[in-house]
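Try each task before reading its solution.

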Amino acid sequence: MKQDGKQIALVTGASSGMGRCFVRKIAEKYPFLHEIWVIARREEALRELERELPETELKVLAYDLADRRSFSALSALLKQESPRIRLLVNGAGLGNNGLVENQTPDGICDTVDVNCRALMMVTRLCLPYLGRGSRIIQLASGSAFLPQPGFAVYAASKACVLSFSRALREELRHKKISVTAVCPGPVRTDFFRAGGISISPVKKLFLAEPERVVEKALEDAARGKAVSVYGISMKLVRLASGILPEGLLAWFSGKLF
Ligand SMILES: NC(=O)c1ccc[n+]([C@@H]2O[C@H](COP(=O)([O-])OP(=O)(O)OC[C@H]3O[C@@H](n4cnc5c(N)ncnc54)[C@H](OP(=O)(O)O)[C@@H]3O)[C@@H](O)[C@H]2O)c1
């Protein structure tokens, strides 16, 4: 890690939901940071956040993370500014529900491109600027624990995030950089509206508030935990996924959701 640069946090998906909550909480809990870099497509929403936090220096980066050119832009900026990234939060993500046969090619590509490719690429680009004590927080999902018929592409993309995060954690252990995968159940954000997803009655029962999930994720990251799971229901799902046969889990989650 370069030792001379300014200390920053970088948050993707900062224009709404949990990403925006992360920016608010980081501004509160890490006042020593010189800047928070915020990434999403909706520049106006990022500017609004900037106005909401006048004490915090935000660098607004209106990137479309489904577009490979955003990686070149981020890479060039990192080279130019050479910051010390204390905290990286990969929050950008999306999902569409419905049977795989009814998914559009664009819908599948966007989900995989943002949830998986962009998360890996942003992480990769940031690695040279992370150092001892830095933390990486990856927004996976409780969907990572079990295959979800009717939400298959999304659940598979989040299983990819969980696997990637666990492996990266081991790779970075000797550098004392922690990686925490955040695996919540349904959270009250724009996620469902953005994806045109109707929330099933079962999911509605377990809707969590984004502030609580984010608070726990930051605490778990500070403790160096590998996985952050908010709420008893998701803890049970995680437990069941470790015990029950995969075929049974897939059948049951199809029935339940
Ligand atoms: N809400 C839930 O129930 C839930 C549960 C488990 C996990 N998660 C995960 O948590 C993360 C945050 O989701 P959320 O619930 O906070 O949903 P959200 O409010 O819809 O936020 C999603 C964020 O991702 C950004 N994003 C989407 N596509 C993008 C693209 N092509 N380029 C750049 N940014 C993009 C959006 O910004 P722009 O639209 O401005 O680009 C937005 O800031 C996601 O990874 C999601 O999969 C959500």
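**Exercise 1.** How do the residues of the shell around the ligand divide into nonpolar, polar and charged?

*Solution.* First, a word on the model: it's predicted, so local features need pLDDT of at least 70 and side-chain atom pairs pLDDT 80 or more, while totals for chains, interfaces and linings use all residues. Numbering runs from 1 along each chain as its sequence is written, and side-chain values use heavy atoms, without hydrogens or water.

Next, take the shell: 30 residues surround the ligand, each with a heavy atom within 4 Å of it. Sort them and you get 16 nonpolar, nine polar and five charged. (Ala, Val, Leu, Ile, Met, Phe, Trp, Tyr, Cys and Pro count as nonpolar; Asp, Glu, Lys and Arg as charged; the others, Gly among them, as polar.)

**Exercise 2.** Which residue does Lys 29 form a salt bridge with?

*Solution.* Look for a side-chain nitrogen of Lys or Arg within 4 Å of a carboxyl oxygen of Asp or Glu. Lys 29 pairs with Glu 215, with the closest N and O atoms 2.8 Å apart. Now place the partners: Lys 29 sits in helix α1 and Glu 215 in helix α8 (residues 210-222), 186 residues apart. (Helices are DSSP runs of H or I, at least four residues, numbered from the N terminus.)

**Exercise 3.** Where do Glu 50 and Arg 47 lie?

*Solution.* Both belong to helix α2 (residues 43-52), three residues apart, about one turn of the helix.

Definitions and conventions: Helix = DSSP H or I, 4+ residues; strand = E, 2+ residues; numbered from the N terminus.
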